[in-house]
Amino acid sequence: MSDGRYTVGVDIGGTKIAGGVVNDTGGVIARARADTPHRSTTPDVVENTIVSVVEELFAQVGKERVTAVGIGAAGFVAADRATVVFAPHLSWRDEPLQSRLVGRIGLPVTVDNDANASAWAEWRFGSARGEDRMVMVNLGTGIGGGIVLDGRVERGRFGIAGEFGHMQVVPNGLRCECGNRGCWEQYASGNALVREARSLISAGSPMAQDLVARIGGDAAALTGPLITAAAQDGDPTACELLSDVGRWLGIGLANLAAALDPGIFVIGGGVSAAADLLLDPAREAYRRQLPGRGYRPEARIMAAVLGNDAGVVGAADLARHHDGAAVTGVPSSALESAPALTAVVHESESRRSRLWWRRRHTG
Ligand SMILES: [Zn+2]
């Protein structure tokens with residue numbers, strides 16, 4: 001049962017500012033949205049847009065029923081949860097967003113990274129309920145990430161933990177917009193999926209016939225969801241493209257498991273709509289790549305369940321718990337019936353792993 005008190009969550013993305021009034025069980029009871037102002041506009045314009053979305057929500061439910069406002073923004077948010085250090089889609093540079101909004105909204109305001117908000121939402125109300133340690137990986141145009149450990153978002157010393165997309169997975173690999181080469185998001189994101197499909201199309205490959213027919217020959221019309229739809233309809237090329245992205249996903253997850261050893265990876269973002277067409281190859285690659293494989297427990301790899309609401313719900317719920325106290329996870333009876341990722345370990349692989357493990361720990 002909801003306690004009847006609401007918080008507002010605002011998710012600031014590259015194209016949309018989405019807001020919602022959220023109750024204490026993660027339900028969204030009112031919504032409002034606006035276009036994200038272009039990055040060439042001043043911080044004031046962005047701030048005005050946020051305030052107008054929040055006021056529209058107050059008008060729908062009554063401001064007196066709302067106790068706090070949480071903002072989730074794509075960008076680097078300082079560990080004080082008040083300042084946006086850098087936002088790639090906006091004009092914010094060291095923007096003191098919290099203090100500017102508090103004065104105008106008249107309620108406590110917290111600011112967080114959007115992927116942290118999504119991770120929190122999935123941990124509280126979604127796929128990761130009941131887990132002490134979870135890692136969320138959002139596959140969009142790039143890769144965003146969030147970590148929840150023992151009821152707290154792990155933000156890092158400077159607030160910018162979880163930027164998994166820029167881990168190097170291929171030395172001297174593809175150039176990334178961050179300036180480096182071989183970043184994970186160049187191989188396991190929506191952009192990577194579309195890039196690979198386009199290269200098949202521009203090479204005139206007969207393999208791309210079905211995709212070409214779907215876009216009417218206009219390569220610019222090719223999108224991740226379109227490739228996913230083709231795969232779901234059984235186009236073998238689209239399946240293969242998703243499977244390639246899935247394999248790269250699994251390799252990166254194995255790296256994260258080596259560092260963080262979570263109980264579950266939750267995969268969200270647009271590409272995750274491909275579900276097992278993406279996640280089965282990821283699980284397989286993960287199992288093959290995992291350090292000490294065959295001789296250790298393995299994290300589950302599950303799709304996110306909150307979809308586009310995760311950012312709004314997470315930002316709102318983080319605002320509800322703005323005192324920073326650790327929060328107890330919502331136990332999930334659904335977890336018992338969730339299909340666990342159970343490793344099928346071949347005998348030879350298992351033996352190899354044991355030798356590896358001994359060599360490392362007794363040598
Ligand atoms: Zn990069």
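Two exercises with worked solutions follow, on a predicted model.

Residues are numbered from 1 along each chain as its sequence is written. In this predicted model, local features need pLDDT of at least 70 and side-chain atom pairs count only at pLDDT 80 or more, while totals for chains, interfaces and linings use all residues.

**Exercise 1.** Determine where Cys 176 lies and whether Cys 176 is buried, partly exposed or exposed.

Solution. Begin with the position: Cys 176 falls in the loop between strand 11 (152-153) and helix 4 (190-202), where helices (H or I, at least four residues) and strands (E, at least two) are DSSP runs numbered from the N terminus. Next, apply the burial rule, by which a residue is buried if 20 or more other C-beta atoms, placed from the backbone, lie within 10 Å of its own, exposed if 12 or fewer, and partly exposed in between. Cys 176 has 17 other C-beta atoms within 10 Å and is therefore partly exposed. Finally, Cys 176 and His 166, which are 10 residues apart in sequence, have C-alpha atoms 8.3 Å apart in space.

**Exercise 2.** Describe the open sheet of three strands and identify its edge strands.

Solution. Start from the pairing criterion, which asks that DSSP find at least two bridges between two strands. The strand order is 5-6-7, with antiparallel pairing. Strand 5 (76-77) and strand 7 (93-95) are the edge strands, since each pairs on one side only.
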